[in-house]
Protein chains: 2
Amino acid sequence: MERLKSSLLEYSISQLATEFGVTARTLRFYEDKGLLRPTRSGQSRIYSAADRARLRLILRGKRVGFTLDEIREMMDLETLDSGGFIHLNTTLKRFRARIIALKQQRSDIDLSIAELEAGCAWLDARLVDREPSEEIKQNAKAFEALALARLES
Amino acid sequence: MERLKSSLLEYSISQLATEFGVTARTLRFYEDKGLLRPTRSGQSRIYSAADRARLRLILRGKRVGFTLDEIREMMDLETLDSGGFIHLNTTLKRFRARIIALKQQRSDIDLSIAELEAGCAWLDARLVDREPSEEIKQNAKAFEALALARLES
DNA sequence: TAATTCCTTGACGTTTACGTAAGCAATAGC
DNA sequence: GCTATTGCTTACGTAAACGTCAAGGAATTA
């Protein structure tokens, strides 16, 4: 019980894991992949605030569809100083491609949210009474028609 | 050469695949998974406009992070008429959870786009002249600081 | 001292979403 | 009639991202 000073600056593997809703295995895996480099106290890992920030970045990167390898490359941008030109150039191209993909993804998400909300409304109505009334069936049809209309372009 | 009438209403597997930038294998895989049900002409698959619409939905679903299983469940909503209540309820819950996740994802994407654009600007500057000038190094530092600032909360 | 608890390093297992190759049928063009 | 293209099925392979033991070390707690 002498972890008072560290509670704000340093984290054990399970502290960080539970805070971010991942498992310890995940953190070790990220370390294997070169995404995190916690220091050691004896043989135990100690995560700094910077490690925590990196983890946050990793998880956000994952949520938007980057692979772990891509995320590592992005985070190694600083180290890229000594890298070659071609590498810089391909990185730039991949960034631009990612931006385009992300914008596409964002509009996809807007569409999906709208459809899911329509679906929720429909399910809600269906849950109100067990015997699906004609009216609800009509709503269902309307929902389907709406979805199909969205599908065509 | 008697595929004239079908060119607008029906598609061969490779037509549909190239149009959507996937492989034929992918379409067969989706069929195995119950996501597509093209009719057959002899043993060859024939995809209708409805199949094409479903494929578009599948790919969009994938882009926003649904698994193929989830996508199939969503598309089976109509068939859900004969399903039980518990299933309806869990489906509803999963929809709502998905909506929340999608909104989170959307803000993640906005952040990522901003960071990637900053990264592009930085890489652009680094590519202008081979010898990284002091000014550019300063920009790099600024970029890093910006990124780090974003990371803290 | 014994029992938990937390951490460690392997190492193999699992799921998802296809890739890839083998071997054969049907069709189209020369 | 031969060959090139396109498609089919079956089946094994693979990369990503962990999960899941196994076996053990160190430290706190009863």
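## Aromatic rings, strands and a buried serine

B:Phe29 counts as partly exposed because its relative accessibility is 31%; on this scale buried means under 20% relative accessible area, exposed over 50%, and partly exposed in between, with a 1.4 Å probe and protein chains only. This is a predicted model, in which local features need pLDDT of at least 70 and side-chain atom pairs count only at pLDDT 80 or more, while totals for chains, interfaces and linings use all residues. Residues are numbered from 1 along each chain as its sequence is written, chains are lettered from A and ligands numbered from 1 in the order in which they are written, and side-chain values use heavy atoms, with hydrogens and water left out.

Over all chains, the structure holds 2 aromatic pairs. Rings of Phe, Tyr and Trp (its six-membered ring) pair if their centres lie within 6.5 Å; planes under 30 degrees apart count as stacked, over 60 as edge-to-face and the rest as tilted. The table gives the two values for each pair.

| Pair | Distance of centres | Angle of planes | Class |
|---|---|---|---|
| A:Phe29 and A:Tyr30 | 6.3 Å | 55 degrees | tilted |
| B:Phe29 and B:Tyr30 | 6.4 Å | 55 degrees | tilted |

In chain A, Phe29 is partly exposed at 32% relative accessibility, whereas A:Tyr30 is buried at 4%. B:Tyr30 is buried, with 4% relative accessibility.

Another ring, A:Phe66, has A:Arg98 over its face, at 4.6 Å from the ring centre. A charge sits over a ring if NZ of Lys or CZ of Arg is within 6 Å of the ring centre and within 35 degrees of the ring normal. In chain B, Arg98 lies over the face of B:Phe66, at 4.6 Å from the ring centre.

Chain A also has paired strands. Strands (E, at least two residues) and helices (H or I, at least four) are DSSP runs, numbered from the N terminus, and two strands pair if DSSP finds at least two bridges between them. Strand β3(A), residues 44-48, is antiparallel to β1(A), residues 10-11, over 2 bridges. Here A:Glu10 stands opposite A:Ser48. Strand β2(A), residues 39-41, pairs with β3(A) in the antiparallel sense over 3 bridges, and A:Thr39 stands opposite A:Ile46. The hairpin of β2(A) and β3(A) has 2 residues between the strands, and A:Gly42 takes a positive phi near 70 degrees in it.

In chain B, helix α5 (residues 85-128) contains B:Ser112. B:Ser112 is buried at 7% relative accessibility. Apart from neighbours within four places in sequence, B:Ser112 is in contact (heavy atoms within 4.5 Å) with A:Arg60, A:Val64 and A:Leu102.
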